[in-house]
Amino acid sequence: MKHTKVWILVTVLLLAVCLAGWLLVLGGRAGSATAQIYQGGQLVRTIDLSQVEQPYSFSVDGPAGGNTIQVEQGRIRVSHAGCPDQVCVQQGWIANGVVPIVCLPNELVIQVGGDEAEGGLDGVSG
Amino acid sequence: MKHLTLAALGLALLLASCAPAAQEYTATLLAMDTVMELTAYGPEGEGALEEAQALIQELEGLMSATDPDSEIAALNRGQTVALSPPVRELLDQALELCGATDGALDITIYPVVRAWGFPNKQYQVPDPGALAQLLERVDYAQVALSGDTLTLPEGVELDLGAVAKGYAGDRMMELFRQSGVTCAYVNLGGNVQALGASPDGDPWRIGIQDPEGTSYLAVVEVTDRAVVTSGMYQRYFEQDGVRYGHILDPDTGYPADSALSSVTIVSPSGTLADGLSTALFVLGREGAEALWRARDDFDFVLVGQDGTVTISEGIEDGFALQGAGEDYNLEVVRR
């Protein structure tokens, strides 16, 4: 009888752990658009764009003068680049994973991920 | 004992439901003038990704026209070069595509590309007289590939930019296969290539970028395919209110003017998909359809400036206009 209780307890605990893990995984995906900022191949910052309440900006150093990145709820852009070509600044805001922002001279990449962001796509050709 | 069995059964069920999906390994790197995302699934994925990154660096070092140490740069300086196996193999495949498209793809267009300033981003509209002179040097038939060394005729210069990423995709799929990876996805600056089916067993769902905006306009479902798109929106400059795109017509030396906004090629071969996406953009709708009827190794999605999306029948199943594409008309070309 005592054993039965222990096993029930173990089973319930395991169930709870699995359920919690499952919810965490789902919760992390549903409705969120997460921006990942890479510099020189390293992930330097991750931002949940859906949780941004006040717009803000920050700088990322890079070999061509670095970049200033601006964040608002649901979207992100490069507002200043130290390099001459300014391709990343001209690209403007992105809010989904269709086209990443890339500043080659500064080795900067901004990718937005999340299920909702790409309409359940595995990737985009373009 | 009975309780134990029950508990064990419960545990097994729990473990089954909690089992993580196949391990996913990803890498992001800047190479070949673009951003590359690599994803491989399963226990062999981690090591295979390391090798794949090394492979990209190796190929870039051999093939970049702007890197003075590359084999292509040496060829373009007029040197006799003992070709490495990858350069030899890609030149073979690329020259075949140049022939098959009757020069709509021409890997000797580099002098013209340089005159427009695309490689160093010092954009300018070349003088028509100068352009006409440069065009005389453009003809892939001048590249006589025999044996393992190559010397280009004077003034002839190669640009593998229209096929190098596609070839890199093919080589990566081969590497993944040899490493025991059965499920992988790479996006090489918009060149998508997938090994096998997606991790959940369904085909990969690949969006096609809307040439007019930042969203996508259609979805195509593929297994074991490259999906490569070419369009002027990818690289262009503006001068005096005119937009000049980076896909040059080897016949005229000017940006291709074919009434298309983008061309997507779906094929088992990345090199073919890459090269034909450029060639079909130059050829336009009629030329594209004619080439498709003459071959059986690719399908296409043509986005017209008139708001029509034309696809070939091989990708009709699983194809859908979506997002920005709902305003377009869909046409299916059949054999």
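B:Leu276 counts as buried because 32 C-beta neighbours lie inside 10 Å; a residue is buried if 20 or more other C-beta atoms lie within 10 Å of its own, exposed if 12 or fewer, and partly exposed in between, with C-beta atoms placed from the backbone. This is a predicted model, in which local features need pLDDT of at least 70, side-chain atom pairs count only at pLDDT 80 or more, and totals for chains, interfaces and linings use all residues. Residues are numbered from 1 along each chain as its sequence is written, while chains are lettered from A and ligands numbered from 1 in the order in which they are written.

**Surroundings of B:Leu276**

- Helix α8 (residues 270-294) of chain B holds B:Leu276; helices (H or I, at least four residues) and strands (E, at least two) are DSSP runs, numbered from the N terminus.
- Leaving out residues up to four places away in sequence, B:Leu276 touches B:Leu97, B:Ile265 and B:Phe298 (contact: C-beta atoms, placed from the backbone, within 7 Å).
- B:Thr229 is 47 residues from B:Leu276 in sequence, with 9.5 Å between their C-alpha atoms.

**Contact between the chains**

- Chain A gives 30 residues to the contact and chain B gives 34 residues.
- On the side of chain B that touches chain A, the elements that give two or more residues are α1 (2-18), β1 (24-31), β5 (184-188), β7 (204-209), β8 (216-222) and β9 (226-231) of chain B.
- α1(B) gives the most to that side, with 7 residues.

**Strand pairing across the chains**

- Strand β8 (residues 123-125) of chain A pairs with β7(B) in the parallel sense over 3 bridges (pairing: at least two DSSP bridges between two strands).
- A:Ser125 has B:Ile208 of β7(B) as its bridge partner.

How values were computed: Two residues are in contact if their C-beta atoms, placed from the backbone, lie within 7 Å.
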